[in-house]
Amino acid sequence: MEEKNIVELLKSALPNLNELVSADVVVGKEIKTSDGTTIIPISKVTFGYGMGGGIPSQNTKFGGGTGAGVSVTPIGFLVIGPDGVRLMQI
């Protein structure tokens, strides 16, 4: 019984992780200017995930929980233009 509860907990939490740490978050959508320059935002992503569990005892049959945290910090822009490629740091 407890194993089924843990599996259900993981099934509900893990599918959303892909959205939190996708490459689209680190390298943003490109922006094209009228002069042909392409600007791509670049960010640093820090991610943490934790999960707890429990064991059966006389007082409780199951205990557990999950938690996640994400921090997205812009670090600069990749600028691709007629003069070449450069990174403009924030």
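Q: Contact means heavy atoms within 4.5 Å of each other. Among contacts in the protein between residues at least 6 apart in sequence, what share joins residues at least 24 apart?
A: The model is predicted, so that local features need pLDDT of at least 70 and side-chain atom pairs count only at pLDDT 80 or more, whereas totals for chains, interfaces and linings use all residues. Residues are numbered from 1 along each chain as its sequence is written, and side-chain values use heavy atoms, with hydrogens and water left out. Of the contacts between residues at least 6 apart, the share that joins residues at least 24 apart is 48%.

Q: What percentage of the 90 residues is buried?
A: Buried means under 20% relative accessible area, exposed means over 50%, and partly exposed lies in between, with a 1.4 Å probe and protein chains only. By this criterion, the buried part of the 90 residues is 10%.

Q: How much of the accessible surface of the protein belongs to carbon and sulfur atoms?
A: Accessible areas come from the Shrake-Rupley method with a 1.4 Å probe, and for residues only the protein chains shown count as cover. The accessible surface of the protein comes to about 6,800 Å². The part that belongs to carbon and sulfur atoms is 57%.

Q: In what order do the four strands form the sheet, and which are the edge strands?
A: Two strands pair if DSSP finds at least two bridges between them. The four strands form an open, antiparallel sheet in the order E1-E2-E3-E4. Two of these strands each pair on one side only, and these edge strands are E1 (31-32) and E4.

Q: How many bridges join E2 to E3?
A: Strand E2 covers residues 38-52, and strand E3 covers residues 65-81. The number of bridges that join E2 to E3 is 15.

Q: Which residue in E4 is the bridge partner of Val 79?
A: E3 and E4 pair in the antiparallel sense over six bridges, and a hairpin joins them through two residues. Within E4, Met 88 stands opposite Phe 77. The bridge partner of Val 79 is Arg 86.

Q: Is Ser 43 buried or exposed?
A: Ser 43 has its place in strand E2. Leaving aside neighbours within four places in sequence, Ser 43 is in contact with Val 25, Val 26, Val 72, Thr 73, Pro 74 and Ile 75. Because its relative accessible area is 15%, Ser 43 counts as buried.

Q: What C-alpha distance separates Gly 84 from Thr 37?
A: Gly 84 is in strand E4, residues 84-89, and its relative accessible area of 33% makes it partly exposed. Gly 84 and Thr 37 are 47 residues apart along the chain. Their C-alpha atoms are separated by 9.7 Å.

Q: Which strand supplies the largest share of the nonpolar patch?
A: Patches are made of residues with over 30% relative accessible area and no salt bridge, where like charges are joined within 9 Å and nonpolar side chains (Val, Leu, Ile, Met, Phe, Trp, Tyr) within 5 Å. Phe 47, Tyr 49, Met 51, Val 70 and Val 72 make a nonpolar surface patch of about 400 Å². Val 70 is found in E3 and is partly exposed, because its relative accessibility is 36%. Although E2 and E3 each supply at least two residues, the largest share, three residues, comes from E2.

Q: Which residue meets Lys 32 in a salt bridge?
A: A salt bridge is a side-chain nitrogen of Lys or Arg within 4 Å of a carboxyl oxygen of Asp or Glu, and a search of the whole structure finds one. Lys 32 is exposed, at 60% relative accessibility, while Glu 30 is partly exposed, at 49%. At 3.8 Å, N to O, the partner of Lys 32 is Glu 30.
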